[in-house]
Amino acid sequence: MVVATEEMAVYCFDTLVAHFTGDQPPPPAFEDGNHPLFVTWKKATNGSEPRLRGCIGTLEPRQIVSGFKDYALTSALRDRRFPPIQSKELPTLECAVSILTDYETAEGYLDWEVGKHGLIIEFTDPDYNIRCSATYLPEVASHEGWGHIETIDTLMKKAGYHGAITESLRKKLRVTRYQSTLYTMHYSEYVAYVKKNRGAAPTINGVPVVNGFKPGH
């Protein structure tokens, strides 16, 4: 079984730094495979709790090397909920890579464990007769301090449903639960990895990308 690793997070940082330098990222230090995956960027400033800065992935299996390369940039630059990440933000970022596993059809909207399962819900909006779907990764509910019902209700809103949420509607949800392996790396850990394995800190236009970095992006 493939699990999320340090090298996958490094490759996502490499890909984002390369975007700002116009270079190609170094080759990945992990083997390819086919798995669903997500890349999540968070931003932490002045010791505060990291805040979501972008999160995009795929629930369908795909090649993980090209997948992490694509979604590292898509989640950083094209998550419609946020403005694109700028190079000056790099020292404040942390990257979380997820490999999704163990897809199962749930017996109902309560048939999952907080902190263990991610969720995919599918349903028909009763007001507009349109199909809606959305997912939360396994760590979301526990991080937010949500129970089962609050998780389901906020996920329905994430899917684009803005009507009344009733027990009968919850019971009509098609729920798929899944698990994941997760690896989280802060930019400072990435810099330490690059220094140890490549001999120098990452640079953009010859300037080391560390705290206080003020590029023209």
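How do the residues of the lining of the largest cavity divide into nonpolar, polar and charged? Seven are nonpolar, three are polar and none is charged. The model behind this count is predicted.

**The cavity**

Rolling a probe the size of a water molecule over the atoms shows where empty space is left. Here the count comes to one cavity of 30 Å³ or more. The largest cavity holds about 40 Å³ of space. Its lining includes Trp-112, His-117 and Tyr-136. Gly-118, Leu-119, Leu-137 and Pro-138 also line the largest cavity, as do Val-140, Ala-141 and Thr-151. Two elements give two or more residues to this lining: β4 (118–124) and α3 (138–144). Helix α3 gives the most, with three residues.

**The annotated span**

The UniProt record, an unreviewed entry, lists residues 1–194 as "domain: AMMECR1". That span is 31% helix and 32% strand. Its end C-alpha atoms lie 27 Å apart.

**A buried threonine**

Thr-15 sits in helix α1 (residues 6–21). Is Thr-15 buried or exposed? Thr-15 counts as buried because its relative accessibility is 3%, and buried means under 20%. Leaving aside residues up to four places away in sequence, Thr-15 touches Pro-25, Lys-69, Ala-72 and Leu-73.

**Salt bridges**

The structure holds 11 salt bridges. Three of them are set out here.

| Salt bridge | N to O distance |
|---|---|
| Glu-89 and Lys-43 | 3.2 Å |
| Glu-104 and Arg-177 | 2.8 Å |
| Arg-131 and Glu-122 | 4.0 Å |

Take the side chains of Glu-89 and Lys-43, which meet in a salt bridge. Glu-89 is in the loop between α2 (64–77) and β3 (93–105), and Lys-43 is in strand β1 (residues 34–43), so this pair ties together parts 46 residues apart in sequence. Glu-89 is buried at 6% relative accessibility. Lys-43 is partly exposed at 28% relative accessible area.

Next come Glu-104 and Arg-177, whose side chains also meet in a salt bridge. Glu-104 lies in strand β3 and Arg-177 in strand β6 (residues 174–186), so the pair ties together parts that are 73 residues apart in sequence. Glu-104 is partly exposed, at 33% relative accessibility. Arg-177 is buried, with a relative accessible area of 17%.

The last pair is Arg-131 and Glu-122. Arg-131 counts as exposed at 58% relative accessibility, whereas Glu-122 is partly exposed at 28%.

Which residues do salt bridges with shared partners join into one network? They are Lys-43, Arg-53 and Glu-89.

Key
Residues are numbered from 1 along each chain as its sequence is written. This is a predicted model: local features need pLDDT of at least 70, side-chain atom pairs count only at pLDDT 80 or more; totals for chains, interfaces and linings use all residues. Side-chain values use heavy atoms; hydrogens and water are left out. UniProt positions are given in the numbering used here, feature names are shortened, and annotations may be inferred rather than shown by experiment. Helices (H or I, at least four residues) and strands (E, at least two) are DSSP runs, numbered from the N terminus. Buried means under 20% relative accessible area, exposed over 50%, partly exposed in between (1.4 Å probe, protein chains only). Contact means heavy atoms within 4.5 Å. On a 1 Å grid over the protein atoms alone, a cavity is a set of points where a 1.4 Å probe fits but cannot get out, and a pocket is an open set with protein on both sides within 12 Å along at least five of seven lines; lining residues have an atom within 4 Å of a point. Grid points are joined across faces, edges and corners, and a volume is the space filled by probe spheres set on the points. Ala, Val, Leu, Ile, Met, Phe, Trp, Tyr, Cys and Pro count as nonpolar, Asp, Glu, Lys and Arg as charged, and the others, Gly among them, as polar.
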